[in-house]
2 protein chains.
Amino acid sequence: MTAFAIIGHIARTDGSFSINDLPGGGGRMDVLCRCVNASFFLSHDLRRDVDCYLLLCGEPSGPKTVRFSGNGVRSLSPDERSAGSLIKKALDIPCGSEFREAAPGIMVRKGGLERLMTEHTFAVLDEDGKDIRTEAPLPDAFLLSDHQNFTEPEEGLLRDCARYSVGPRCLHADHTITVLHNELDRRVSSWK
Amino acid sequence: MTAFAIIGHIARTDGSFSINDLPGGGGRMDVLCRCVNASFFLSHDLRRDVDCYLLLCGEPSGPKTVRFSGNGVRSLSPDERSAGSLIKKALDIPCGSEFREAAPGIMVRKGGLERLMTEHTFAVLDEDGKDIRTEAPLPDAFLLSDHQNFTEPEEGLLRDCARYSVGPRCLHADHTITVLHNELDRRVSSWK
C-alpha cells in the first residue's frame, strides 16, 4: 500500500465552487484533481493499492482532509472534472473529526496535516531530497505540496521527515507522483 | 529539441465541442489536453525546447494536426480547460495543408500521421518496447497513442520505427511523457 498526501494551500473547503472553475473558485483544486489522476490511473485500470489524501486548507472552513482509496473508489474518470465532482460532493456533506463516507472509496473529515502525521510516517517529496533511484528501500507514504511551497508551520511539522527528489528539474506535484510510481513499479518487477 | 506526437483517434476536428465536455463531445480531447500539460509544464516554468503535435482523427473533417511549440506558446495554464480552449480555437479557423497560426505558438493544418512522419523520425512509446533507462542514446521524437491502440493502418506506417517502453506497467499517454521527460532530464544533468 502506497499513500500520497498533497497540501492544497488555498483549496476551497466547501462545495460552493464550480467544476468549470477549479483553478479560480476552487482555489487551485485543478492541481489536486491531477494528483488524484496520477495517484490511481493506469491504462484501462486503477491502482487499487493506493490511498490519496487531499489536505484542503482554504476558505471557508479549513483544514479538511478528503481521502480517495483505490480499493473502494468507483465512478472516477481521468479528467479533472471527474475528480473535482467527487471532491465537491465530499465537501458538500457535513463532517466532524472522524472520516465520513461521501461516495464509495471517498471519505472526508475535519483536520489536516498535523492529524494525518500521527497516522502515517511521511517522506517529503522535495527538489532538495535524495534521489529516489539510488535510495533503498523507499518509504510507503509521501507528502507533496501544491503550487505553493510548504509554509513555515508545515516545515516545522516536517522537520524530521526524510526527503526525496524524483529528478533534477522541479516538477508539478502530479508529475512527481507519476515518476515515483514508475520507480516503485520497477522495484516490484524485474525491471531495473 | 524534443517532439511528442499523440494520436487522438476520435478527437473532434472542428471547434464545436464544449470545453465542459472534453471527454464526450471532444472525443476524449481530455487525453490530449493532459498530454499538452505533460509535454510542457515544469514547476513555475515551461519547457521551451519541446513541440507537441496532436493528431486529431475524429469527426467531422479529420485528420488535422495541431502543433504546440514551447518556444512560442503564451496563455497556457496547466488545467485541461486551458489546453482545450486553445485546441478549440485552432480548430475554429479554416486551414489548409500548411500550418497556420491560431494563437501564439499554436499552429493547425490538415493532414495527420503520414505527413508528419515525413518530417520527423519518430520512436514509438509502447509497452513492448526497449527500456528507456538502458538504451542510449534516446531519439528526440516520440509517438504515442491515446486511450486506443494504434490502428492497423497506423501500425503499417510505424512498422520500421524503434519502440521504447518507460516501465513495467501500461500507462496513460501523459504519464508516459512525464516519465520520459524525467529520463531525458537526468541524462542532460549530473543525475544518473
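The two copies in this predicted model meet through the same surface, because 100% of the interface residues of chain B are also interface residues in chain A. Each side puts in its share: the contact takes 30 residues from chain B and 30 residues from chain A. On the chain B side, the elements that give two or more residues are helix 1 (29-40), strand 2 (41-42) and helix 5 (173-187). Helix 5 of chain B gives the most, with 6 residues. Sorted by class, the side of chain B that touches chain A has 12 nonpolar, 9 polar and 9 charged residues.

As for how the copies are arranged, chain B can be laid on chain A by a turn of 180° and a shift of 0.0 Å along the axis, with an RMSD of 0.0 Å. That is the relation of a two-fold axis. In chain B, the C-alpha nearest this axis belongs to Val179(B), and it sits 2.7 Å away.

Helix 5 of chain B also holds Thr176(B). This threonine counts as buried because it has 29 C-beta neighbours inside 10 Å, where 20 or more are needed. Setting aside its neighbours within four places in sequence, Thr176(B) is in contact with Leu125(B), Leu144(B), Val166(B) and Leu171(B).

Turning to helix 1, the chain A copy covers residues 29-40 and has 12 residues. From first C-alpha to last it reaches 17 Å, close to the 16 Å expected at 1.5 Å a residue. Helix 1 of chain A is mostly covered, with 12 of its 12 residues buried. The buried set includes Asp30(A) and Arg34(A) as well as Leu32(A), Val36(A) and Phe40(A). In chain B, helix 1 has 12 residues and reaches 17 Å, again close to an expected 16 Å. Here too 12 of the 12 residues are buried, so helix 1 of chain B is largely enclosed by the rest of the structure. Among its buried residues are Met29(B), Asp30(B), Cys33(B), Arg34(B) and Cys35(B).

Within chain A, helix 1 packs against helix 5 (residues 173-187) at an angle of about 10°, with the axes 8 Å apart. That angle makes helix 1 of chain A roughly parallel to helix 5 of chain A, since angles under 35 degrees count that way. From helix 1 of chain A come Val31(A), Arg34(A), Cys35(A), Asn37(A), Ala38(A) and Ser39(A), which meet Ala173(A), Asp174(A), Ile177(A) and Thr178(A) of helix 5. By class, this contact has 5 nonpolar, 3 polar and 2 charged residues.

Within chain B, helix 1 and helix 2 (residues 80-92) pack at an angle of about 105°, with their axes 8 Å apart. These two helices of chain B are therefore roughly perpendicular to each other. Helix 1 of chain B brings Met29(B), Asp30(B), Leu32(B), Cys33(B), Arg34(B), Val36(B) and Asn37(B) to the contact, and helix 2 of chain B brings Glu80(B), Ala83(B), Gly84(B) and Ile87(B). These residues divide into 6 nonpolar, 2 polar and 3 charged.

In chain A, helix 2 (residues 80-92) has 13 residues and reaches 18 Å from its first C-alpha to its last, close to the 18 Å expected. Its buried residues include Glu80(A), Arg81(A) and Lys88(A), along with Leu86(A), Ile87(A) and Leu91(A). The buried residues of helix 2 of chain A pack against helix 1, strand 4 (50-56), strand 5 (64-69), strand 6 (100-103) and strand 7 (106-110) of chain A, together with helix 2 of chain B.

A couple of backbone details are worth a look. Arg28(A) has a positive phi of about 60° although it is not a glycine, and Arg28(B) has a positive phi of about 55°. Arg28(A) lies in the loop between strand 1 (2-8) and helix 1 of chain A, while Arg28(B) lies in the loop between strand 1 (2-8) and helix 1 of chain B. Arg28(A) is buried, with 21 other C-beta atoms within 10 Å, and Arg28(B) counts as buried with 21 C-beta neighbours inside 10 Å.

There are also cis peptide bonds. One joins Ala136(A) and Pro137(A), with omega about -10°, and Pro137(A) is in the loop between strand 8 (123-131) and strand 9 (141-145) of chain A. In chain B, the peptide bond from Ala136(B) to Pro137(B) is cis, with omega near -10°. Pro137(B) has its place in the loop between strand 8 (123-131) and strand 9 (141-145) of chain B.

Note on methods:
Residues are numbered from 1 along each chain as its sequence is written. Chains are lettered from A and ligands numbered from 1 in the order in which they are written. This is a predicted model: local features need pLDDT of at least 70, side-chain atom pairs count only at pLDDT 80 or more; totals for chains, interfaces and linings use all residues. Helices (H or I, at least four residues) and strands (E, at least two) are DSSP runs, numbered from the N terminus. The expected span of a helix is 1.5 Å times one less than its number of residues. Two residues are in contact if their C-beta atoms, placed from the backbone, lie within 7 Å. Ala, Val, Leu, Ile, Met, Phe, Trp, Tyr, Cys and Pro count as nonpolar, Asp, Glu, Lys and Arg as charged, and the others, Gly among them, as polar. Axes are lines fitted to C-alpha atoms, for helices over the stretch in contact, and angles run from 0 to 180 degrees between N-to-C directions. Angles under 35 degrees count as roughly parallel, over 145 as roughly antiparallel, 65 to 115 as roughly perpendicular and the rest as oblique. Copies are superposed by least squares on the C-alpha atoms of residues with pLDDT of at least 70 in both.
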